[in-house]
Amino acid sequence: MLALLAKDLFRKARDTLAPGPQYDLPRMIRSTTDTAQRLLAEGYLDYPRAVHLETLALCNAGCDFCPYPRLDRKGTRMSDALVEKVIDDLGGIPADLPFQLAPYKVSEPFLEPRLFDILDLATSRLPGMRVSLITNGAALIDRQIERLLKVPRLLYLHVSLNYDNAAEYESVMKLSFERTLSRLDPLHERKVSGEIPFPVCITRVSCDKPSDRRFMRWVRARFPGFSVAVIPRNDWIGEVLTEGALTGVPDAPCQRWFDLSITATGRVAMCCMDGETQYPKGDVNTENALAIYNRPWLRELRSTLVSRRRAGSPCERCTYLMS
């Protein structure tokens, strides 16, 4: 008993004093290189492994680590015709090459009234598609949970909760902490009961190691049926400068070169970190989505997997890494 008590006290002291982030930066740099090499080997030179499709540029949160509060296209709705056109463009991806469709970008997917109709259409036309969802959870009502259970090929649901207390959560995210928890409780009950087949993960944008670890312990106690992850804080290629964001550009390629990131206006951003589309690659209003993906300079990034430090603007300034 005394040994366990001493171990617990040591752990708490370590968590309080330990500087730096929760995540392992060298491991992430190795991982992003390995992932890019694997994607190239698996056939994603010609076709995207993930497509972000923002059909409604709307979010109910106001997080200071996100570009949404300053977004010029805020409230823009992609037309039904353009949604269908993009899905038809993606029909050129071979049926035996799986890819992810993420129906959001700088947006909250559950504020999109057409969300499940869009997913139904994509499912019927894109046999290789898998769905991934990231939400803040505040708009996830029971009716939407029922619809989620009927989405085939749903890879995961991530809930960006970020804080374990109302004061910080409401100050940063501008949402009611208790209301969000009340939306997550039914989801958790159904996960624990075995009704939900897909993984659910509660995530946090990292602040510091002690609070990151405290958040992880809280999630495991409050929602034991969910997993938990801490992700690095990024500066969105200089769009959002917040304390604690990654600073060094890694000497590595980027797995996001194998993605398409389509905004509600139809303009295609450089990547998920190009929140305000300052570096557009094309426009699906007038071009085929796969033709944009295969622009010669983009294919060169993927085929050579050059270090982003030597990849030119904006990649040479991007610190993005996945945890």
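Buried means under 20% relative accessible area, exposed means over 50%, and partly exposed lies in between (1.4 Å probe, protein chains only). This is a predicted model: local features need pLDDT of at least 70, side-chain atom pairs count only at pLDDT 80 or more, and totals for chains, interfaces and linings use all residues. Residues are numbered from 1 along each chain as its sequence is written, and side-chain values use heavy atoms, with hydrogens and water left out.

**Stop 1: Arg125 and the H3/H4 pair**

Select Arg125, in helix H4. Helices (H or I, at least four residues) and strands (E, at least two) are DSSP runs, numbered from the N terminus. Arg125 has a relative accessible area of 32%, so it is partly exposed. Leaving aside neighbours within four places in sequence, Arg125 is in contact (heavy atoms within 4.5 Å) with Glu84, Ile87 and Asp88. Now show side chains: those of Arg125 and Asp88 are joined by a polar contact of 2.7 Å. A polar contact is a pair of N or O atoms within 3.5 Å; within protein, one must be able to donate a hydrogen and the other to accept it, and residues adjacent in sequence count only if both atoms are side-chain atoms. Arg125 and Leu290 are 165 residues apart in sequence, and their C-alpha atoms are 16 Å apart.

On the H3 side, Val83, Glu84, Ile87 and Asp88 meet Ile118, Leu121, Ala122 and Arg125 of H4.

**Stop 2: Ser132**

Go to strand S3 (residues 129-135) and pick Ser132. Is Ser132 buried or exposed? Its relative accessibility is 2%, so Ser132 counts as buried. Its side chain makes a polar contact of 3.0 Å with the side chain of Gln100. Beyond four places in sequence, the contacts of Ser132 include Leu101, Ala102, Pro103, Tyr104 and Tyr156.

**Stop 3: the loops on either side of S4**

Most residues other than glycine have a negative phi, and most peptide bonds are trans. Select Arg153, in the loop between helix H5 (142-148) and strand S4 (154-160). Arg153 is not a glycine, yet its phi is positive, about 60°. With a relative accessible area of 28%, Arg153 is partly exposed.

Next take Asn162, in the loop between S4 and helix H6 (166-173). Asn162 also has a positive phi, about 75°. Asn162 is buried, at 0% relative accessible area.

Stay in the loop between S4 and H6 and select Asn165. Asn165 is partly exposed, at 22%. Its side chain makes polar contacts with the side chains of Asp164, at 2.8 Å, and Glu168, at 2.6 Å. Not counting residues up to four places away in sequence, Asn165 touches Phe177 and Arg214.

**Stop 4: H7**

Select residues 177-192, helix H7. Its buried residues are Phe177, Thr180, Leu181, Leu184, Leu187, His188, Arg190 and Lys191. What covers them includes H5, S4, H6, strand S5 (200-205) and H8. Just after H7, Gly194 takes a positive phi of about 90°.

**Stop 5: H8**

Select residues 209-222, helix H8. At its start, a side-chain oxygen of Asp208 reaches to within 2.9 Å of the backbone nitrogen of Ser211. The buried residues of H8 are Lys209, Ser211, Asp212, Arg213, Phe215, Met216 and Val219.

**Last stop: Pro314**

Finish in the segment after helix H10 (296-304), at Pro314. The peptide bond that joins Ser313 and Pro314 is cis, with omega about 0°.

Notes
Expected span 1.5 Å × (residues − 1).
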